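Here's a quick tour of a protein fold, meant to be read with the structure open beside you.

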Amino acid sequence: MSWVLDLVLGVHNWRHGVSSVVASTKKTTSPLRLGILGAAAISPCAIFDPVSTHPDVVISGIAARSKIKADAQIKRYKLQHARAYGSYEDLLADPEIEAVYIPLPNGLHAEWTLKALRAGKHVLVEKPLASNAEQVREIKRVSEATGKVVLEAFHWRFHPAAHLVKSLVDSGAYGAVQEVRARMAVPAGTMAKDDIRFQYALAGGSCMDLLYAYSATSYFAVPSLRDAKVEVLSAVPRMNARDGKIDDAMTADYTITSPSANNGKPVRCHAETDLAVPWLWGIIPPLWEGTITVTVELEKATIVFPNFPGPWLSHSITVADRDTEKVTKYSAYTDGPQWVRRGARWWTTYRYQLEAFVDRVRAVQNGKSLPEAEEMEGWPWVGLEESEAVMAIADQVYEKAGLGVRK
Ligand SMILES: NC(=O)C1=CN([C@@H]2O[C@H](COP(=O)(O)OP(=O)(O)OC[C@H]3O[C@@H](n4cnc5c(N)ncnc54)[C@H](OP(=O)(O)O)[C@@H]3O)[C@@H](O)[C@H]2O)C=CC1
Ligand SMILES: O=C1OC[C@@H](O)[C@H](O)[C@H]1O
């Protein structure tokens, strides 16, 4: 899977001449020293690339279960400031490391986030933040107690295109939100049969791995999840043939009700996630099924946001106004209602995410408390309350499907 992302990113960077930006990026005198737990496949795209154009952060270390593997990744990607560690514990024990990125299998996210916080590090951790909402609450308690930042890597939430859709929805111009539908699917064979995503012991499963669908439905359904109630009406899994506790696919219907939105009436939501869409007649890979879209039905319009997790590549948002029958197209790659004036056409969702993470860590290092940093205007963020609320929907979905909350 990640080789596809690497390829796509390579073409994107070539098209936008990013190599010259990398060459001209001067690091500050004391850039944030970031360590990485695991020599994961996603790291080149999600962290090495964004760090290469951010002036105030460097990759100082990579830890893997085998030091040889960490070394090999450092050499392959020419990470000149990084040293290799033969265990995650060793990296966390290094006082030079100020923050960590955690791209481990889902079932290890909570454990290593807690260990990192207790070792005094700020944490950027892959989605899903944990295996269940109770673990997120524990992370929240420890983040507050240690005063260290934790960010779940819902990178799509940092892109100006997501903020544009959010502002169109929340503007009220099209009336209240009535329904939000999200779909994310991957053709079978994209991931190996023994991939971390197909292992219950590592908190795999399509609902967990493609949690973006739940993040998106909830982000657009109500202005804030803080006071919202979720009721899962149905959850239908398609089970994995090898691991009887893993959902290869999940289709869920639920409502989100907020007293401050839609006159307190429930917003209907529908999420479809599929990690292994079967091949047509068993021989044709269903590439067309790889469509990823979120659709927001409002009283007076339908807003469609295709490719919502990867709008940096290309996107076209459509607003079909029911009163005028006019269809308006929008796109946004920089600036916008949350960033105001920031970004560049070539910034990926991961680059925007890193910008927000470093800003927030710096604010805390410069004396702001976590709640003060939360309230800073104009900075996009995914707070732990939101992470908890989205994870709690996944908990309910697994319960409703009869599979039990993930461990
Ligand atoms: N934001 C995004 O766009 C994407 C996010 N992700 C997320 O990133 C995370 C990693 O995904 P991905 O890079 O594809 O996965 P990989 O399998 O490539 O990497 C997982 C890493 O976890 C480590 N690990 C530790 N314990 C285990 C174990 N018991 N079994 C297997 N691996 C172990 C391995 O590290 P070591 O090197 O120490 O052996 C490995 O490098 C997942 O949480 C996934 O959801 C993935 C793809 C895209
Ligand atoms: O962006 C993504 O696409 C495919 C998934 O398997 C992966 O984990 C996810 O983050």
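Keep in mind that this is a predicted model.

**Strand S10 and its neighbours**

- Strand S7 (residues 177–187) runs parallel to S10, and eight bridges join the two. Look for Met184, which stands opposite Thr273 in S10.
- Strand S9 (residues 247–257) also pairs with S10 over eight bridges, but in the antiparallel sense. Here you can find Asp253 opposite His270 of S10.

**The nonpolar core**

- In soluble globular proteins, nonpolar side chains tend to be buried together.
- The largest nonpolar core in this model has 133 residues. Trp156, Tyr214, Phe220 and Phe305 have the most contacts inside it.

**A nonpolar patch on the surface**

- Leu280, Trp281, Ile283, Ile284, Leu287 and Trp288 make up a nonpolar patch on the surface, and together they have about 720 Å² of accessible area.
- Ile283 sits in the loop between S10 and strand S11 (293–298). With a relative accessible area of 61%, Ile283 is exposed.

**Salt bridges**

- Side chains of opposite charge can pair when their charged atoms come close. A search of the whole structure turns up 27 salt bridges.
- One of them joins Arg137 and Glu388, whose closest N and O atoms are 2.9 Å apart. Arg137 is in helix H7 (residues 133–146) and Glu388 in helix H14 (residues 384–400), so this pair ties together parts that are 251 residues apart in sequence.
- Arg137 is partly exposed at 31% relative accessible area, while Glu388 counts as buried at 19%.
- Both residues also belong to a salt-bridge network that links Arg118, Glu134, Arg137, Glu138, Arg141 and Glu388.
- Asp209 and Arg197 meet in a salt bridge too (3.3 Å, N to O). Asp209 lies in helix H9 (residues 206–209) and Arg197 in the loop between S7 and H9, so the pair ties together parts twelve residues apart in sequence.

How values were computed. Residues numbered from 1 in each chain as written. Chains lettered and ligands numbered in written order. Predicted model: local features only at pLDDT ≥ 70, side-chain atom pairs only at ≥ 80, totals over all residues. Heavy atoms only, no water. Pairing = 2+ DSSP bridges. Helix = DSSP H or I, 4+ residues; strand = E, 2+ residues; numbered from the N terminus. Core = buried A, V, L, I, M, F, W, Y, C linked by side-chain atoms within 4.5 Å. Buried < 20%, exposed > 50% of the residue type's maximum accessible area, 1.4 Å probe, protein only. Patch = residues over 30% accessible without salt bridge, like charges linked within 9 Å, V, L, I, M, F, W, Y side chains within 5 Å. Areas by Shrake-Rupley, 256 points an atom, 1.4 Å probe, with all protein chains shown as cover. Salt bridge = Lys/Arg side-chain N within 4 Å of Asp/Glu carboxyl O.
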